[in-house]
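Hi,

Here is the structure I said I would pass on.

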Amino acid sequence: MSSPVMTVMTAAVRKAARSLQRDYGELSQLQIAQKGPGDFVTIADKRCDKLLRDELSKARPGYAFLTEETGVVAGTDPDHRFIIDPIDGTMNFMHAVPMFAITVALERKDEIVAAITYNPISDEMFTAEKGGGAFLNNKRLRVAQRRDIHDTLVSYELPHRGGKDLALSRAEISVLQQHVVGIRSPGSCALSLAYVAAGRFDAMVCRNIYPWDMAAGILLVREAGGFSADPNSEKNPMETGHIIAANADLMPQFKTALGKAQAA
């Protein structure tokens, strides 16, 4: 059974998804603005963001927000904060590639305790609560159990033109190609993390992202029996903006491989 807060989050996400599904069917009419090199926002992002905040605020007045489109929204409750990306994978959305997600996490006293990542086109809803496991449409999830990096399929999110660490990303991909079976770049960090939780990817690597891109996915992976970390240090990925996720056996192997790229 879902907790009351998960019920609230699910209802808000599903309502926002209906708006997004309509926009997806009318992409040619959407207004699009460019925030920076390779960084776009659509009217759909802003509409979805507002709808999520409105619905969550009704049910949990006083909770703070951190969202991609709004930034920090202070609340009267010092212990709770919703972290939201209304469309993770906006570039895919703009090109009618059905690989994007609404992602919402609830942070309580600096710890993620509830999470949803929802692809409104495939109708796949990934959910997790602290201590309660991770699920895909109510089916329990477990990370893949492969133990050798040479047997793995990996997600590596490619930086956009003008993005940070282009040279490092090329070096890391080159090194990983010598070790893994295959590399994919879905275009959504949130979905990549959800796919690790579901065992579809054995590992994922993403650099220079924001808390709203990874907050829900970190809990999904953890509750599915996996681990996430900064590839370079013991720091919190939510603080550094760099993340790797995998099972316990693969994590050190991937960190070693990525370390070779950084040393090159």
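H2 has 17 residues, so at 1.5 Å a residue it should span 24 Å, and its end C-alpha atoms are 25 Å apart, which agrees. The expected span is 1.5 Å times one less than the number of residues. Its buried residues are Ala 44, Asp 45, Cys 48, Asp 49, Leu 51, Leu 52 and Leu 56; buried means under 20% relative accessible area, exposed over 50%, and partly exposed in between, with a 1.4 Å probe and protein chains only.

Before going further, some housekeeping. This is a predicted model, where local features need pLDDT of at least 70 and side-chain atom pairs count only at pLDDT 80 or more, while totals for chains, interfaces and linings use all residues. Residues are numbered from 1 along each chain as its sequence is written, and side-chain values use heavy atoms, with hydrogens and water left out.

On the whole protein: there are 8 helices and 15 strands. The radius of gyration is 18 Å, close to the 18 Å that the globule rule gives for 264 residues, so the protein is as compact as a globular protein of that length. That radius is taken over C-alpha atoms, and the rule is 2.2 Å times the number of residues to the power 0.38. The C-alpha trace spans about 50 × 40 × 30 Å along its principal axes, and 52% of the 264 residues count as buried. Taking contacts (heavy atoms within 4.5 Å) between residues at least 6 apart in sequence, 63% join residues at least 24 apart.

Glu 107 is in strand E6, residues 101-108, and is buried at 9% relative accessible area. Not counting residues up to four places away in sequence, Glu 107 touches Asp 79, His 80, Arg 81, Ile 83, Ile 112 and Met 238.

Asp 79 is in the loop between strand E4 (71-73) and strand E5 (80-88), and with 30% relative accessibility it counts as partly exposed. Leaving aside neighbours within four places in sequence, Asp 79 is in contact with Glu 107, Arg 108 and Lys 109. The C-alpha atoms of Asp 79 and Glu 234, which are 155 residues apart along the chain, are separated by 25 Å.

Cheers

How values were computed:
Helix = DSSP H or I, 4+ residues; strand = E, 2+ residues; numbered from the N terminus.
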